[in-house]
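This briefing covers a ligand site, some helix packing and a few backbone features. Please have the sequence and the model open while reading.

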Amino acid sequence: MGRALRTWALWLLFPSLATAGYRSLGEVKGSSWQDNRLTLDCGGPQVQITVLASDLVRVRLGPAGEFGPDFSYALLGRDWPRLSCAVTEDETQIVLRTTELQVRIQRMPCRVTFCTAEGAELCRDLEAMGMAWDGPRVQCFKMLHPEEIFYGLGEKTGRLNKRGRSWVMWNTDHPGYDSATDPLYQSHPFFIAMRGGNAYGIFLDNSYRSTFRFGAGTSAFYSFGADGGELDYYFIWGPSLKKILTRYSELVGRMPLPPLWALGFQQCRWSYYPESEVRTLAQTFRNKGIPCDAIYLDIHYMDGYRCFTWDANRFPRPQQMLADLGALGFKVVVIIDPGIKVDPAYWVCAEGLAGDHFCRLPDGTLHVSQVWPGDCYFPDFTRPTTRQWWGSLYAGLIADGVSGFWNDMNEPGVWGGTFPDIVQHSHTGQLVDHLAVHNVYGLEMARGTYEGVRKLRPDKRPFVLTRAGFAGVQRYAAVWTGDNVANWEHLRLALTMCLGLGMSGVPFVGFDIGGFEGSPTPELFTRFLQLGILTPLCRNHTSYGTRDQEPWAFGDSFEEMNRRAIRLRYELLPYLYDVFREASLTGIPVMRPLVLEFQKDPATWELDDQFLVGDALLVAPVLSEGARMRWVYLPEGQWYDLATNQLHRGPVRVMVDAPLERVPLFVRAGTVIPMQEPVNFVGERPAAPLILGVYPGDRSSVDSLYEDAGDGFAYEQGEYALRLISLARDRQALRVALGPRRGTYQPPRSHVLLRVNGCARVPRQVTMQGQVLPHVDSMDRLQNVDRGWFYEAERMITWVKLPESPGEVNIELR
Ligand code: GLC
């Protein structure tokens with residue numbers, strides 16, 4: 001087709017383009033190759049294609065023939081080692097070849113296609129449009145395949161597969177959103193496209209409002225683009241989803257290992273006050289034996305909503321209160337909003353004015369918006385000196401004994417919306433208007449908080465929770481999904497939103513258990529909790545004026561069910577911590593859609609009503625009212641039903657019992673799950689034995705067990721305990737080998753208990769290092785011996801007790 005004809009055809013297809021200043025790339029007129037970067041001159045507009053790694057390519061478009069400063073809020077900015085990349089060209093195309101990829105650049109018009117090293121096409125610019133611009137707007141149009149599935153995009157409603165809708169990135173405070181609402185609080189312009197089980201990822205590094213059309217309104221193409229800034233994207237080749245997430249998190253950073261207490265149960269409401277109420281709350285948890293590690297103080301703890309202050313009537317002795325709560329095993333987390341009350345007599349306001357830290361309008365006057373305290377100024381978090389100042393403000397609260405910080409309203413959310421577009425920010429030292437940095441305001445606030453707290457208390461790991469964020473937010477904070485609602489639709493949404501965040505590099509995620517707006521029925525609360533105890537962040541929270549929502553607030557029988565659920569989380573904490581550590585090292589989420597582990601199985605591709613914690617624990621939460629059974633898909637392998645110990649062989653769909661008192665859980669056979677007896681809070685019984693839940697199966701496996709002090713940074717200097725645990729079974733014996741402990745951390749316990757499941761008969765003999773272990777006839781007796789074993793016939797469990805020791809330990813059951 002000739003050029004003119006093609007343009008005509010385009011106008012017929014997309015009439016709106018005919019009138020706008022829309023343009024797409026024309027012919028490649030010239031090219032140069034230097035430092036693994038191909039620069040293309042397209043008769044004015046320029047394109048840069050940089051090969052960063054064999055599976056990672058950056059593409060930048062400069063419609064006016066130039067590129068802005070190479071600056072990114074999301075990227076870690078690492079130097080990529082040079083790799084060898086072959087360049088060949090002929091009249092029609094230029095081809096870049098790495099060991100994993102071919103990037104083919106068609107000359108007329110300039111279009112980019114990514115192929116595997118063998119030449120199979122993965123991702124192709126749409127012939128008609130490709131990379132395009134229209135005034136400040138930039139877009140990229142790609143071919144859409146009928147069977148293409150999309151994951152990622154961060155905190156989005158809808159389903160796990162994001163296809164069929166168009167999605168916007170524009171951080172928005174939308175209280176009481178529903179399953180169709182978009183956008184919400186966070187922006188993650190990152191997605192993964194998968195076809196036939198082969199996946200690639202794309203990260204659009206642009207902080208303006210951006211739009212992702214995934215087959216919405218047309219199945220001819222998909223597109224991504226932004227209202228300003230550059231078309232600057234990273235292509236990451238899989239084909240494995242895990243590989244993509246690892247690469248992506250290498251680009252934008254990973255979650256630092258949080259303090260262990262932050263994995264415990266957290267209790268919040270808007271708001272617990274005065275002090276006596278907080279003390280009663282804490283004592284009630286302990287009296288009732290319901291585990292809890294953190295209590296939150298919402299906006300009423302402050303003096304007139306002035307951040308970094310205490311209300312002297314409600315909390316006259318904060319230090320004493322925090323010390324007493326600490327003695328009961330509680331950490332306290334307080335809310336901090338970005339809005340600083342306009343009140344020159346208030347020290348934060350005065351300091352902010354003196355340091356020129358607040359955002360201004362183009363005429364130089366200070367920008368004022370209203371939030372909780374009334375008129376407020378807002379720090380310009382895009383400025384490094386302002387972030388440093390902001391970080392320093394936490395000194396007082398830290399000295400008082402506050403353990404964690406909750407950054408809210410940082411979309412920014414103000415009464416009536418967000419900042420006017422014209423608010424100025426000093427992004428990279430140059431004033432830009434709010435449009436350019438709106439989406440990173442929350443990220444930069446969380447960054448200021450994290451860096452400040454880390455500096456002020458260098459011996460502790462910061463815990464920061466943020467509502468707004470952008471790609472990379474996991475470097476600084478955990479994320480919760482904002483103001484959800486106490487209804488069943490939201491229970492389902494909580495699950496898919498957390499999965500979506502995980503598939504976007506954000507592992508430490510959760511939602512308001514019970515729902516923020518409104519009050520849940522007892523049943524809904526319990527089902528929310530049963531999901532929440534298996535999500536990375538486990539926080540109960542509710543709005544002002546709603547019913548009591550503590551785990552005991554729904555009557556005795558529900559209290560007992562809720563206690564059981566929370567205790568189960570504490571039993572699983574050692575496993576959870578191990579999975580968190582993996583996430584901190586690899587970017588692979590704690591909470592995983594099944595497709596992440598079983599990518600070749602099409603039945604998992606769109607499965608989003610069940611998930612895995614790590615690679616071995618499958619959770620099938622009950623998401624509908626009145627349901628007491630549910631279908632569960634168990635992929636390939638054998639799976640133990642945790643409640644019945646029944647073994648299923650996948651792939652299979654099974655209908656399982658899901659009574660109100662429990663959440664259906666399955667463990668992949670051939671796994672060792674580290675566990676503990678439930679405790680009331682992290683660190684309550686440091687010497688309690690570790691329990692290794694052994695789930696024998698057909699496959700042999702090697703799992704890891706990671707432990708450290710649970711806080712501080714000594715682990716970075718080798719003060720951790722890491723051992724590999726392998727499990728193998730043949731006709732004669734089951735063998736569990738605890739590899740030698742690596743690292744210098746010494747767990748403070750004296751014993752380890754193996755809980756070997758699925759023992760259909762009493763073992764004839766159990767040995768440790770080849771030596772026969774004594775058999776005892778009750779669990780009580782087992783408690784009193786240094787080593788030995790006991791067979792619990794009813795549950796078909798063999799308990800083996802061993803002394804804790806650093807060397808290799810080999811256990812055999814025959
Ligand atoms: C916002 C937060 C909510 C908090 C409330 C009061 O709505 O999302 O969690 O309780 O503000 O601070």
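The model is predicted. In it, W488, H490, L491, A494 and L495 of helix 11 meet E523, L524, R527, F528 and L531 of helix 12.

**Helix 11 and helix 12**

- Sorted by class, the residues of this contact between helix 11 and helix 12 are seven nonpolar, one polar and two charged.
- Helix 11 spans residues 488-502, and its axis comes within 10 Å of the axis of helix 12, with a crossing angle of roughly 5°.
- Because angles under 35 degrees count as roughly parallel, helix 11 is roughly parallel to helix 12.

**Helix 12 and helix 13**

- Helix 12 (residues 522-532) and helix 13 (residues 556-586) have axes that come within 9 Å and cross at roughly 5°.
- That angle makes helix 12 roughly parallel to helix 13.
- On the helix 12 side, the contact is made by P522, E523, F525, T526, L529, Q530 and G532.
- Their partners in helix 13 are F558, M561, N562, A565, I566 and R569.
- Seven nonpolar, four polar and two charged residues make up the contact of helix 12 with helix 13.

**Ligand site**

- The residues surrounding the ligand are W270, D298, I299, I335, W372, W406, D408, R467, W480, D483, F516 and H541.
- This shell divides into seven nonpolar, one polar and four charged residues.
- In the side chain of D408, an N or O atom is 3.0 Å from an oxygen atom of the ligand.
- R467 places a polar side-chain atom 2.8 Å from an oxygen atom of the ligand.
- For H541, a polar side-chain atom lies 2.9 Å from an oxygen atom of the ligand.
- On its own the ligand has 310 Å² of accessible area, and the protein covers 97% of this.

**Cis peptide bonds**

- D182 and P183 are joined by a cis peptide bond with omega of about 0°.
- P183 sits in the loop between strand 14 (166-169) and strand 15 (186-187).
- G650 and P651 are also joined by a cis peptide bond, with omega of about 5°.
- P651 is located in strand 40 (residues 647-657).

**Positive phi**

- D356 is not a glycine, yet its phi is positive, at about 55°.
- The loop between helix 6 (347-354) and strand 25 (369-371) holds D356.

Technical notes:
Residues are numbered from 1 along each chain as its sequence is written. This is a predicted model: local features need pLDDT of at least 70, side-chain atom pairs count only at pLDDT 80 or more; totals for chains, interfaces and linings use all residues. Side-chain values use heavy atoms; hydrogens and water are left out. Axes are lines fitted to C-alpha atoms, for helices over the stretch in contact, and angles run from 0 to 180 degrees between N-to-C directions. Helices (H or I, at least four residues) and strands (E, at least two) are DSSP runs, numbered from the N terminus. Angles under 35 degrees count as roughly parallel, over 145 as roughly antiparallel, 65 to 115 as roughly perpendicular and the rest as oblique. Contact means heavy atoms within 4.5 Å. Ala, Val, Leu, Ile, Met, Phe, Trp, Tyr, Cys and Pro count as nonpolar, Asp, Glu, Lys and Arg as charged, and the others, Gly among them, as polar. A residue is near a molecule or strand if one of its heavy atoms lies within 4 Å of it. A polar contact is a pair of N or O atoms within 3.5 Å; within protein, one must be able to donate a hydrogen and the other to accept it, and residues adjacent in sequence count only if both atoms are side-chain atoms. Accessible areas come from the Shrake-Rupley method with a 1.4 Å probe; for residues, only the protein chains shown count as cover.
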